[in-house]
Amino acid sequence: AANEAFGASLPLDDPQDFEDANRGLVARDPNLVVELAAGNVWDMSAYDFIDGDAPPSVNPSLWRQAKLNNIHGLFKVTDGVYQLRGWDLSNMTLIDGKSGWIVVDPLTAGEAARAALAFAREHLGPKKVSAVIVTHSHVDHFGGILGLFDDPAEAAAVRVIAPGGFMHEAT
């Protein structure tokens, strides 16, 4: 009853958030699955049950947010800026720099970052990664960094920009 009453107070039928979340779609992988280490899998289809109206046991606002989170793919944010959503629980942003991609927050796992970058290269071209920006010390913003590179020497040569105190906070 509390969820129903709360839902009645919200504009849940307003389509604007869904229009905004879909804006700039370049490409979507309808079968998005990432094989992770130790036999784990990130599978977007596992969230297909999040559809229609919220069941009575779920806050309708959280259900709506989950539906928005299910909008995945490669999106153009603005000229030279792209975002990959759905390869794991966070988003990765690509900035088209003079010497290659500047990757902002390379996801949680290397396998996810590798798969997302491969998808972007398939649709945007085979650019190398020239720099990585990590916005903060939560693992979903840096854990995938090594997945961006096939060669450890290439990774060692790339500039990584992170906030002061990052190593302390991350560990």
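This report walks through the core, the strands and helices around it, and a few side chains worth a look in this predicted model.

## The nonpolar core

Let's start in the middle. The largest nonpolar core holds 30 residues. Leu84, Trp87, Met92, Leu94, Val132 and Leu148 have the most contacts inside this core. At least two of the core residues come from each of strand 5 (81-85), strand 6 (91-97), strand 7 (100-104), helix 4 (110-124) and strand 8 (129-133). Helix 4 is the biggest contributor, giving six residues.

Leaving aside residues up to four places away in sequence, Trp87 touches Leu32, Val34, Trp42, Gly73, Leu74, Leu107, Ala112, Ala115, Ala116 and Phe119.

Now follow the chain from strand 7 onwards. Strand 7, helix 4 and strand 8 form a β-α-β unit that is right-handed. Strands 7 and 8 run parallel and are joined by four bridges, and Trp101 sits opposite Val129 of strand 8. Strand 8 is mostly covered, with four of its five residues buried.

Strand 8 also pairs with strand 9 (residues 159-161), again in the parallel sense, over three bridges. Here Val132 has Val160 of strand 9 as its bridge partner. To get from strand 8 to strand 9, the chain passes through helix 5 (residues 152-157), and this β-α-β crossover is right-handed.

## Helix 3 and its cover

Helix 3 spans residues 60-69, and its buried residues are Pro60, Trp63, Arg64, Ala66 and Leu68. Helix 1 (2-8) and helix 2 (16-22) are among the elements that cover these buried residues.

Have a look at the start of helix 3 as well. There, a side-chain oxygen of Asn59 comes to within 2.7 Å of the backbone nitrogen of Ser61.

Definitions and conventions. Residues are numbered from 1 along each chain as its sequence is written. This is a predicted model: local features need pLDDT of at least 70, side-chain atom pairs count only at pLDDT 80 or more; totals for chains, interfaces and linings use all residues. Side-chain values use heavy atoms; hydrogens and water are left out. A nonpolar core is a set of buried Ala, Val, Leu, Ile, Met, Phe, Trp, Tyr and Cys residues joined through side-chain atoms within 4.5 Å. Buried means under 20% relative accessible area, exposed over 50%, partly exposed in between (1.4 Å probe, protein chains only). Contact means heavy atoms within 4.5 Å. Two strands pair if DSSP finds at least two bridges between them. A crossover is right-handed if, with the strands pointing away from the viewer, the path from the first strand over the helix to the second runs clockwise. A polar contact is a pair of N or O atoms within 3.5 Å; within protein, one must be able to donate a hydrogen and the other to accept it, and residues adjacent in sequence count only if both atoms are side-chain atoms.
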